[in-house]
Amino acid sequence: MSQLGAVYEVPSRPSAVIKPARPRHRHRFRDWLVRFLMIAVVIVALLGVAVQIILTTDLPRNLVVSGLERQLGLRVTASSMQTGWMGRSNLDDVTLALPLVEESFLQVPHLKIKHSTLF
């Protein structure tokens with residue numbers, strides 16, 4: 001189709017056809033709020049994953065054993081530790097011994113611990 005000979009109607013008031021853009025202040029604020037909330041959710045999720053990874057390492061067991069040694073004044077060993085978010089931990093093969101003695105005077109195969117939650 002050819003545009004030759006086409007008749008275009010020009011409005012007498014151009015403002016009737018082209019409307020000026022209204023400011024989107026309310027939508028802009030809502031968009032930033034949604035972005036902020038999404039970023040906050042991602043950060044909280046990443047922190048949760050990082051804490052869970054730390055809980056699966058030997059770091060909690062080392063902290064508990066060193067704290068017990070300092071408070072009791074005894075040599076404490078534990079083979080493993082499972083800890084959770086809700087305040088329950090388990091220590092396996094716990095032994096207590098005097099600092100200068102090689103033999104332990106107390107051996108516990110499984111020790112259950114209740115503590116405050118991680119939240």
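Let's start at serine 89, which touches Met81, Gln82, Thr83, Gly84, Leu111, Lys112, Ile113 and His115, leaving aside residues up to four places away in sequence; contact here means heavy atoms within 4.5 Å.

A quick word on what we're looking at. This is a predicted model, where local features need pLDDT of at least 70 and side-chain atom pairs count only at pLDDT 80 or more, while totals for chains, interfaces and linings use all residues. Residues are numbered from 1 along each chain as its sequence is written, and side-chain values use heavy atoms, with hydrogens and water left out.

Back to our serine. Serine 89 sits in strand S3, residues 88–97. Strands are DSSP runs of E, at least two residues, and helices are runs of H or I, at least four, both numbered from the N terminus. Is serine 89 buried or exposed? Serine 89 counts as buried because its relative accessibility is 1%; buried means under 20% relative accessible area, exposed over 50%, and partly exposed in between, with a 1.4 Å probe and protein chains only. The side chain of serine 89 also makes a polar contact of 2.7 Å with the side chain of threonine 83. By polar contact I mean a pair of N or O atoms within 3.5 Å; within protein, one must be able to donate a hydrogen and the other to accept it, and residues adjacent in sequence count only if both atoms are side-chain atoms.

Now, who pairs with S3? Two strands pair if DSSP finds at least two bridges between them. Strand S1, residues 75–77, runs antiparallel to S3 with three bridges, and threonine 77 stands opposite threonine 95 there. Strand S2, residues 80–83, is joined to S3 by four bridges, again antiparallel, with serine 80 bridging to aspartate 92. Four residues lie between the strands of the S2 and S3 hairpin, and there glycine 87 takes a positive phi near 95°. Strand S4, residues 106–114, is antiparallel to S3 too, through eight bridges, and leucine 91 faces leucine 111 in S4.

Let me finish with helix H2. Its 14 residues, 59–72, should span 20 Å at 1.5 Å a residue, and the end C-alpha atoms are 20 Å apart, so the two agree; the expected span is 1.5 Å times one less than the number of residues. In H2, Pro60, Arg61, Val65 and Gly67 are buried. On the other side of H2, Leu63 and Arg70 are exposed. Just after H2, glycine 73 takes a positive phi of about 75°. Thanks, everyone!
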